[in-house]
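Thank you for coming, everyone.

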Amino acid sequence: MSTILTVTDLTKKFGSLTAVNKLSFSIEKGNVYGILGPNGSGKSTTLGMILNVVNPSTGSFSWFGGEHNTHQALKRVGAIIERPNFYPYMTAEQNLRLVCRIKEVPREKIEEKLVLVDLADRKYDKFKTYSLGMKQRLAIASALLNDPEILILDEPTNGLDPQGIAQVRKIIFKIAAQGTTILLASHLLDEVEKVCSHVLVLQKGTQIYFGPVTALTTDHGYFELNATDQTALMDELKGNKEIKEIEQRGALVIAYPKVAISVAEISKALTSKGIVLTHLAKKHKSLEEQFLTLTKKNKA
Amino acid sequence: MKRLFLIEYEKLRANRSSRILIGAYFLLLTSIALIAAIKFDIGPIKFHLAEQGIFNFPYIWHFNAFIGAFFKIFLAVVIVSMTANEYSNKTIKQNLIDGLSKREFLHSKWIMVIFFAGISTLFIFVVSLILGLIYSNYNEISIIVQDLEYLLAYFIKLVAFFAFCLFLGTAIKRSAFALGFLGIWQMFEGICYGLLSWKSPQWLEAEAIYRLFPLNAMSNLLAEPFSRLSAVRNLAEQVGEQMNNNTQVQFLDILIVLVWCSIFYLLTYRLLKRRDL
């Protein structure tokens, strides 16, 4: 697997505020990465630095093993940062032609990419006449013009209506399915959960997790239970050495196991004690819950 | 080089207000030729400006370069806005993300500056040549090619002025404010000159310092051509005024302006380099 981007101790200070603090991670070809973090956690600043628009205070990064300088490397990257930025007085097609010139790619790609994002019929209209959703789709088309080795998206669905979100998401899925490496920054967790294989979690500029999504979400899960005699059920669970913790959530009892237990095992154990279960389900924590635990842990 | 030029060219070509301003500019440059049409014929007083010797070679080079330089403000507006708009549309950010380096970005603007100055100079050359061939009393090649340094001075003057505009557009990021600042700067130079000549014991000293100011240095490149006209000279002599201003292009002024060009280039680059977008 080849490394696309290596980031080492990357730091950005704005006066006394440290926006990004000593980030180190690397991006391998073929994976889909998510950068998670609440607003103001340094996601955009990090992307700004690797995209040559924000000067790092200290630390370094190198694209494609450092064989080219950053601006040469960026010709092999496709990126959209926050809002789509184009020349308002130019048509979609003129804007994309300019991007082709900057990236030094042939113009033949323009039509193909406009079709991909469903804008081919509006290509002779000026950018300023576009709706936000169309602008965002044009930005995606522009980022794809060079068939990039990595696509970087910063909050691509921000500010879009539900239909726009669905359209942009569909495009991202399509691109991810083609095997393009993607780096996606978002504070919308289900967005990341649905497409990413790896995540980088940031909090106040500090990296609190970097690794595969599966390692973050796969713990032993938890059980949702209910029984005809709830008190007996809770007593029994409290006495069970394999159960770490229990809590009551609405009408249900939630039990967190210490080790991997199957539904059959727990059902058998409880029935043998004469408890009649009315509800039993094994659940996994969503990325959102994991994320909240992770950020809470770091606050403490 | 060609790529950078084409990038900037495409940005400008699609912009209607830039197109109109550039069109108006070249129209006005051509309108110098209309001076030839100034004719008074009031009974005994017959006056035809074109026959007063303003279109004589080599004087015409000086005269047209001087007049042509007044219209540079049209292109200055284009240059300020083509820089400031990159900030207000945030397209500079997108350009960099797409793989243009900050130096390439600056160079694409500078290439346009030099291109504008070059085209203007060529334009003045052609207009003057045609007018001269029609109206000049002397059409010998040896006379035509004299004093061409006025065109060089004109070229350098435009480059420096546009470089200043480019710097202001980058520094201030808003077209209107940048142009306003240009006006304020002009006044600032005037006030400085006033203070200098008031405070410094010797008038020559004030003059020497004032010569270093950017806008003044640019204007010194092309001295006013009118005192060279024999009609004006005669008039001045009649009222007892001696005119012996040096109207030649001074090498020192060229040098000062070229230094300012480099300063503007370096300052603009430093701004681009340091600024986070």
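How many residues does the contact take from chain B, and how many from chain A? Before I answer, please note that this is a predicted model, in which local features need pLDDT of at least 70 and side-chain atom pairs count only at pLDDT 80 or more, while totals for chains, interfaces and linings use all residues. Residues are numbered from 1 along each chain as its sequence is written, and chains are lettered from A and ligands numbered from 1 in the order in which they are written.

The contact takes 23 residues from chain B and 23 residues from chain A, where two residues are in contact if their C-beta atoms, placed from the backbone, lie within 7 Å. On the side of chain B that touches chain A, α1 (2-13) and α5 (91-97) of chain B each supply at least two residues, and α5(B) gives the largest share, six residues. Helices here are DSSP runs of H or I with at least four residues, strands are runs of E with at least two, and both are numbered from the N terminus.

Let me turn to the sheet. In chain A, four strands form an open, antiparallel sheet in the order β11-β12-β10-β13, and two strands pair if DSSP finds at least two bridges between them. At the edges are β11 (243-249) and β13 (277-283) of chain A, each pairing on one side only. Strand β10 (residues 222-227) of chain A pairs with β13(A) in the antiparallel sense over six bridges, and A:Ala227 stands opposite A:Leu277 in β13(A).
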